[in-house]
Protein chains: 2
Amino acid sequence: MTDAGPARDALHRVVIVGGGFGGLYAARELGRDRRIDLTLVDRRNFHLFQPLLYQVATGALSPGEIAQPLRSILRRQARTSVILGEATGLDVARREVLLSDGGPIPYDSLVVSTGARHAYFGHDAWAPFAPGLKTVEDAIEIRRRILIAFEAAEREADPAVREAWMTFAIVGAGPTGVELAGAIGEIAHDTLRRDFRSIHPEDARIVLVELADRILATFPEGLARKAVRSLERLGVAVRTSTTVVGIDEAGVAARVGDREERIPTRTVLWAAGVQATSFGRELAKAAGVEADRAGRITVADDLTLPDHPEIFVVGDLAVMRWKGGREVPGVAQGAIQSGRQAARNIRARLDGRATEPFRYKDKGNLATIGRGKAIADLGRFRRFSGFPAWVLWLGVHILYLIGFANRLVVLVRWAWSFVTHGRSTRLITGTPLLPEIREPEPPA
Amino acid sequence: MTDAGPARDALHRVVIVGGGFGGLYAARELGRDRRIDLTLVDRRNFHLFQPLLYQVATGALSPGEIAQPLRSILRRQARTSVILGEATGLDVARREVLLSDGGPIPYDSLVVSTGARHAYFGHDAWAPFAPGLKTVEDAIEIRRRILIAFEAAEREADPAVREAWMTFAIVGAGPTGVELAGAIGEIAHDTLRRDFRSIHPEDARIVLVELADRILATFPEGLARKAVRSLERLGVAVRTSTTVVGIDEAGVAARVGDREERIPTRTVLWAAGVQATSFGRELAKAAGVEADRAGRITVADDLTLPDHPEIFVVGDLAVMRWKGGREVPGVAQGAIQSGRQAARNIRARLDGRATEPFRYKDKGNLATIGRGKAIADLGRFRRFSGFPAWVLWLGVHILYLIGFANRLVVLVRWAWSFVTHGRSTRLITGTPLLPEIREPEPPA
């Protein structure tokens, strides 16, 4: 911790709020600069590799295998401090980040990368019946619900109730919804095939509900069609142009055209929408900028706020424009690249250079659909699907996963699952376990 | 699931309550017998490898790495059903196991292996301040408390409060207490060494409190002395002949001879005592036998209950005698061997043979103390310590760990931790995270 550079209080103070992809890659870029004193604030003590969170939710990986402590990632950066704390607001005049507990943190430059969480578009009453997938706790809760459903079906005598336990509805057919539906299909057809004595897990009904007229809006239509076929082979019923109008303990009410339909199910998963975290709204208020309906903030070309060149917003929280005015998609690469660009712009200013506009480089788009199947869109002439796309998906995810031990462990898990069709982390944890089987009561 | 054997309802019905070591090894032995229809009931859907639970509590392994779904372990046994349910009582006259939800399960033979949980010897008020280590949820809670303590110390300005956060007290110096203390010592001295900016984790004070006049009562004295030296090298203060008289949010009150002493600490872990699970008491009541103070049940030589030759009790729940009238220790081997013997006795009866008495075969006693150090007691002339004992410990634990993927993953984790001194699953999970940092208030 001794350092030959200037004293820490003579340094340029940068505060990063949020240790997701945007914040972490900004921190790595800034940590190298000896003129900068860096503080990273996050509510969690770890960086989570969100693209694999659905694998935790479906029992293929453990939370610890896709997460790494922020302190340990940044330990070699002597001028970097990590604070476990909740940023609740901003004093733009004094240039301070306010915390829910403990003193404010002063900054010269600020990078905000607090991301998004799932949202129910004004239907918060649906939340208890349809958990979303953003945190480790969400993933463990979804895993619990999926596994408990099969357990409850095994013990249920009433055929209608049993069928409701054996039905899984996923709302929203973006990459997360598709990957969840595919993984549940695999669990039913492969993983649990020989595990039960009263039920046949392969009888499970998996319904993927999507408002738009097709799934995977961010992928080309040809690949989306291939994904539909792969999903159907896993027993997933894909329902496009379908509006969810109600979710309760008895199931999902949906509207297709003029027709209303009920899907009786005990397990509904929400993969339909996101909105910016609450710190985004505090930032908008404090900096006097407008947030869009989802709470996101439009940034200038160089990722700063108008009137506040010292504040950068990156990742999912920012509305960033790409070539032709298209929005940069809310994927890991968007956050990684914008985080890095914000860091480079801070360093450019310290050099006396001008900031540069953020240019998103599309590295392609990948999604898996069950075991050994994926779709890859690497540009107009490089679209493919099936096993080669899946191998590419594997490689990219191992490459970006942080921590060498995690990479090796995840590789072992995947190789083993591929050979055995297994998912070994199918633990039902959290309390209470059993009341959930009895409740909810069958609808009257 | 088709089976050329006799119809299931003509089979001898065996019910096993509890899927720990005793129940699981009994189930494996019985599953091979085509005359037996087997039902295993457990409150959890997985078998937990308890000897490595302290590694989850100290961030070296993930829960999913030391647990395996019971259904998946027993899937190849066509005449075996697994029921996720809570056994609450017994009707010995009708020969039925009662469940908290759902119908009773009839049996011809019953194996009870519900084990033990930690106990506070009448001081239940200590429970919120000193969690024990028996379940996955316990381990995650202990992991959270240890990690939060360092985070809170990093942010604390008051030196006294900071010191209380940096102090860890472990009550009970059996194998679990010793392994926990050693692992925390390692975290402080090795794992977190470069992670913080305001505190020096190696200043952590770790106090191991033991009522008896030496630690590790089940080990020979020479090895226990070696363990003390290893612990002291990791910064653990070993306090024997010390009685805990109080535990609250401000710390531990202990009595040494006539002197009373306070250890101000925010983190107390309980490794001092166990008692039988509540199903044990129900069993004793229903079968008209006496339970000892810890709720355990004395069994006949062949592991059956007096007057109830159809009921077997194995593992930690049973008081089993060994050569010279010594009690079989409450370790994995005791449960494994007694579970197997109960199963063999059930099969012997079906063969028309007499049951055989249980003969515990002592395979030795192992405990680790931090990285690369252990003690091994394999009999009078085979006692050793240090690195060779640790390698033996590794081998034995990998061998008994269930699930090939888990074995490989755990090997990778250990190899990597050994090389890097790291512990990569240091996640603080569960909600709420931050209020814990503010509470408890410093004592007035």
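## Strand pairing in chain B

Helices (H or I, at least four residues) and strands (E, at least two) are DSSP runs, numbered from the N terminus. Within this pair, B:Asp91 lies opposite B:Glu96 of β7(B).

The model is predicted: local features need pLDDT of at least 70, side-chain atom pairs count only at pLDDT 80 or more, and totals for chains, interfaces and linings use all residues. Residues are numbered from 1 along each chain as its sequence is written, while chains are lettered from A and ligands numbered from 1 in the order in which they are written.

An open sheet of three strands, in the order β6-β7-β8, is formed in chain B with antiparallel pairing. Its edge strands, each pairing on one side only, are β6 (87-91) and β8 (105-106) of chain B.

Strand β14 (residues 242-248) of chain A pairs with strand β15 (residues 251-256) of chain A in the antiparallel sense, over six bridges. A:Ile247 has A:Val252 in β15(A) as its bridge partner.

β15(A) also pairs with strand β16 (residues 259-264) of chain A, again antiparallel and over six bridges. Here A:Val252 stands opposite A:Ile263 of β16(A). β15(A) and β16(A) form a hairpin with two residues between them, and A:Gly257 in the turn has a positive phi of about 60°.

Residues are in contact if their C-beta atoms, placed from the backbone, lie within 7 Å. Not counting residues up to four places away in sequence, B:Ala227 touches B:Val178, B:Ile215, B:Leu216, B:Ala367, B:Ile369 and B:Ile375.

B:Val238 belongs to strand β13 (residues 236-239) of chain B. B:Val238 is buried, since 21 other C-beta atoms lie within 10 Å; the criterion is 20 or more for buried, 12 or fewer for exposed, and partly exposed in between. Beyond four places in sequence, the contacts of B:Val238 are B:Leu208, B:Ile215, B:Val228, B:Leu231 and B:Glu232. B:Val209 is 29 residues from B:Val238 in sequence, yet the C-alpha atoms are 6.4 Å apart.

## Domains of chain A

An automatic or database domain assignment divides chain A into domain 1 (8-43 + 85-118 + 275-350) and domain 2 (124-272 + 372-438). The centres of these domains, taken over C-alpha atoms, are separated by 33 Å.

## Contact and symmetry

Chain A and chain B each contribute 51 residues to their contact. On the side of chain A, the elements giving two or more residues are β4 (67-69), α3 (70-73), β5 (80-84), α4 (136-155), α11 (404-420) and α12 (435-438). α11(A) gives the most, with eight residues.

Chain A superposes on chain B by a rotation of 180° with 0.0 Å of shift along the axis (RMSD 0.0 Å), fitted by least squares on C-alpha atoms of residues with pLDDT of at least 70 in both copies. The two copies are therefore related as by a two-fold rotation axis. A:Val409 has the C-alpha nearest the axis in chain A, 2.7 Å from it. The same surface serves both copies, as 100% of the contact residues of chain A recur in chain B.

Definitions and conventions. Contact = placed C-beta atoms within 7 Å. Pairing = 2+ DSSP bridges.
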